[in-house]
Amino acid sequence: MTTDQQVVLITGTRKGIGRFLAERFAHSGALVEGCSREPPDWSLEGYTHHLADVADEAQVKAMMTSIARRHGRLDIVINNAGVAAMNHSLLTPIASLDRIFDTNVRGTFLVCREAARLMQRRRFGRIVNVSTVAVPLRLEGEALYAASKSAVETLTRILAREFGPLGITVNAIGPTPIETDLIRGVPPDKIQKIVDSLAIRRLGRFEDVANVIDFFVRPESEYVTGQVIYLGGVS
Amino acid sequence: MTTLSTVDRSTVLALVIASLRDLYEQNDITADSEPGEDTYLIGRRALLDSLGLVTLIVDLEQKIEETFDVALTLANERAMSQKHSPFLTVGSLADYICALLDEQRNA
């Protein structure tokens, strides 16, 4: 079965920006699929949730098979699921590396690979990965997080080349700090220091992220791939 | 859906040929003759480029899963290290897929 509606997969939809994007795409008329390791405490018409860990190959494959069987297509993927950690490298346990890289790198790669397998059937796809301004700002205390997102940026640029001939674009957005769980627990003076280093000195908003994603996924952006756009004037 | 116990080579061969035909059509490839057992998939005599072979493998994995309800990984390390590539011709690929399906059946 193939639906006429656009099918969108967003990872990490249980809360925060993922939930915001799921609601936004659903309200625009798309069929939205989302996933997280824990069940969400909300539901929405046009939204289907999968209990899946993006770092688990079997679970990602099962989710894609379910999407393929129910919709016959996948148009847009937002690789939003992410894990952050802030700590001085000298005090960072190696288990943190595994946890961060499992979700951010392994998870992004797995979802990109399995999504592209489905997207290439129709020779159309839009993949948006999520990086961070911590990469270009080289923020102290975020070595592992920024390193994992550097890997996401490199994946984005190389997958863009590999998937380009299949009609699939791959881009990334690098948000500034946003009021989400990811920055809860980060000292306010640290956040302020980051904000002060931006060209536009304020925290990011969900709408800022959605705006860049809208640009990447629109049909007219077929000639835009392998790009990383940072918010807040960071370059 | 065809079950593993009823799998036969002609079914697998038909899947490979159907995938190859689709790929030729999608990429405006004109072949001198209909794809068959001896059609080359790699090398100088093949009409597919490297991306075409990747697309063929992905498409076949999906068709195999839909047909036999078995998730196979065709381009695994074993396949890549074989002296004679299982991806050389349509026939050798069909043989290779049958061998993998047999392994699944006997596992």
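This is a predicted model: local features need pLDDT of at least 70, side-chain atom pairs count only at pLDDT 80 or more; totals for chains, interfaces and linings use all residues.
**Ground rules.** I number residues from 1 along each chain as its sequence is written, with chains lettered from A and ligands numbered from 1 in the order in which they are written. Local features need pLDDT of at least 70, side-chain atom pairs count only at pLDDT 80 or more, totals for chains, interfaces and linings use all residues, and side-chain values use heavy atoms, with hydrogens and water left out.

**Chain A, helices 3 and 5.** I looked up helix 3 (residues 94-119) and helix 5 (residues 143-163) of chain A; their axes come within 9 Å and cross at roughly 15 degrees. Helices here are DSSP runs (H or I, at least four residues), numbered from the N terminus. Axes are lines fitted to C-alpha atoms over the stretch in contact, and angles run from 0 to 180 degrees between N-to-C directions. That angle makes helix 3 of chain A roughly parallel to helix 5 of chain A; the label covers angles under 35 degrees, while over 145 is roughly antiparallel, 65 to 115 roughly perpendicular and the rest oblique. I noted contacts (heavy atoms within 4.5 Å) from residues including A:F101 and A:F109 on helix 3 of chain A, and A:V152 and A:L155 on helix 5 of chain A. The contact residues split into 15 nonpolar, four polar and one charged. In this scheme Ala, Val, Leu, Ile, Met, Phe, Trp, Tyr, Cys and Pro are nonpolar, Asp, Glu, Lys and Arg charged, and the others, Gly among them, polar.

**Chain A, helices 1 and 7.** Next I checked helix 1 (residues 16-27) and helix 7 (residues 206-217) of chain A, which pack at about 55 degrees with axes 10 Å apart. Helix 1 of chain A and helix 7 of chain A are therefore oblique to each other. I counted eight nonpolar, one polar and three charged residues in their contact.

**Chain B, helices 2 and 4.** In chain B, the axes of helix 2 (residues 50-68) and helix 4 (residues 90-106) come within 13 Å, crossing at roughly 45 degrees. B:L56, B:L60, B:I64 and B:F68 of helix 2 meet B:L93, B:I97 and B:L101 of helix 4. That contact has seven nonpolar, no polar and no charged residues.

**A against B.** What do the two chains bury between them? I get about 850 Å², 37% of it on carbon and sulfur atoms; buried area is the accessible area (1.4 Å probe) that two parts lose on being put together, summed over both. On the chain A side, A:R117, A:R121 and A:R123 lose the most area to chain B, together 51% of what that side buries. The rule finds three salt bridges across the interface, each a side-chain nitrogen of Lys or Arg within 4 Å of a carboxyl oxygen of Asp or Glu. B:E61 pairs with A:R117 in a salt bridge, closest N and O atoms 2.5 Å apart.

Methods:
Helices (H or I, at least four residues) and strands (E, at least two) are DSSP runs, numbered from the N terminus.
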